[in-house]
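Please write a short report on this protein chain.

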Amino acid sequence: SVLTLGEIASLRSGLVVKRKQAIDSHEGVNEYRMMTLKSFEQAGWLNTNEFEVFESNEELDEKYLTKLGDVIVRLSSPYTAVVIDEENIGVLIPSLFVVIRMAIDNVLPGYLSIFLNSEIMKKIYAKCSIGSTIQVIKTSMLKDTTVIIKNTEEQRKIIELNSLILKERILLERLREEKTKYHNAILTNIFQN
């Protein structure tokens with residue numbers, strides 16, 4: 001079946017953090033882990049090493065903190081969507097992102113994030129983005145986006161397959177980083193001797 005995102009979920013922009021930032025660190029400052037643009041890996045996973053610490057002068061509204069199963073979408077190119085797992089609950093969502101919370105049970109958050117990261121969606125984003133220097137999409141555009149809904153069994157299979165692809169990508173990325181370090185060490189060694 002086909003439904004719009006607005007029909008299957010609630011969508012809300014993240015917090016405009018400038019308004020809530022503590023001016024100086026003192027007693028009674030609330031600290032939050034906050035997602036950043038850098039923490040969104042294009043393959044569709046969260047790099048927690050790129051989170052920042054946000055200090056607020058007040059306790060922030062729960063609606064701006066991640067919950068299990070939230071799908072978070074980056075509003076600027078490349079519009080990556082990630083799904084929130086147990087490890088990333090309670091992270092502050094700034095206004096650079098939109099949070100999608102499922103309103104119905106028969107669409108799995110993992111499936112939705114895969115759909116939103118698909119090539120089909122990339123084309124739609126490209127058509128609907130606004131701005132010349134930084135391309136952005138609007139929350140309202142996402143609400144009207146139609147989602148192709150497969151049955152739950154098929155959704156699970158797609159999630160499993162995607163999870164294997166992601167694991168492979170992450171391993172290859174780590175391997176690439178290790179290789180780079182290794183090559184740099186060799187060169188450093190050559191130049192020092």
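Helix H2 (residues 109–116) packs against H5 at an angle of about 65°, and their axes are 9 Å apart. Axes here are lines fitted to C-alpha atoms, for helices over the stretch in contact, and angles run from 0 to 180 degrees between N-to-C directions. H2 and H5 are therefore roughly perpendicular to each other (65 to 115 degrees; under 35 is roughly parallel, over 145 roughly antiparallel, the rest oblique). The crossing of H2 and H5 is left-handed: the near helix is turned anticlockwise from the far one by less than a right angle.

From H2, the contact uses Gly110, Tyr111 and Ile114; from H5, it uses Gln155, Ile158, Ile159 and Asn162. Contact means heavy atoms within 4.5 Å. Four of these residues are nonpolar, three are polar and none is charged. In this scheme Ala, Val, Leu, Ile, Met, Phe, Trp, Tyr, Cys and Pro count as nonpolar, Asp, Glu, Lys and Arg as charged, and the others, Gly among them, as polar.

## About the model

This is a predicted model: local features need pLDDT of at least 70, side-chain atom pairs count only at pLDDT 80 or more, and totals for chains, interfaces and linings use all residues. Residues are numbered from 1 along each chain as its sequence is written, and side-chain values use heavy atoms, leaving out hydrogens and water.

## A buried glutamine

Gln155 sits in helix H5 (residues 152–192). Helices (H or I, at least four residues) and strands (E, at least two) are DSSP runs, numbered from the N terminus. Is Gln155 buried or exposed? Gln155 is buried, because its relative accessible area is 0% (buried is under 20%, exposed over 50%, partly exposed in between, with a 1.4 Å probe and protein chains only). Leaving aside neighbours within four places in sequence, Gln155 touches Asn106, Val107, Leu108, Tyr111, Ile149 and Lys150.

## Aromatic pairs

The structure holds two aromatic pairs. Rings of Phe, Tyr and Trp (its six-membered ring) pair if their centres lie within 6.5 Å; planes under 30 degrees apart are stacked, over 60 edge-to-face, and the rest tilted. Phe40 and Phe97 have ring centres 4.5 Å apart and planes at 25°, so this pair is stacked. Phe40 is in strand S4 (residues 40–41) and Phe97 in strand S9 (residues 97–102), 57 residues apart. Both Phe40 and Phe97 are buried.

The rings of Tyr79 and Tyr125 have centres 5.0 Å apart and planes at 45°, so that pair is tilted. Both Tyr79 and Tyr125 are buried.
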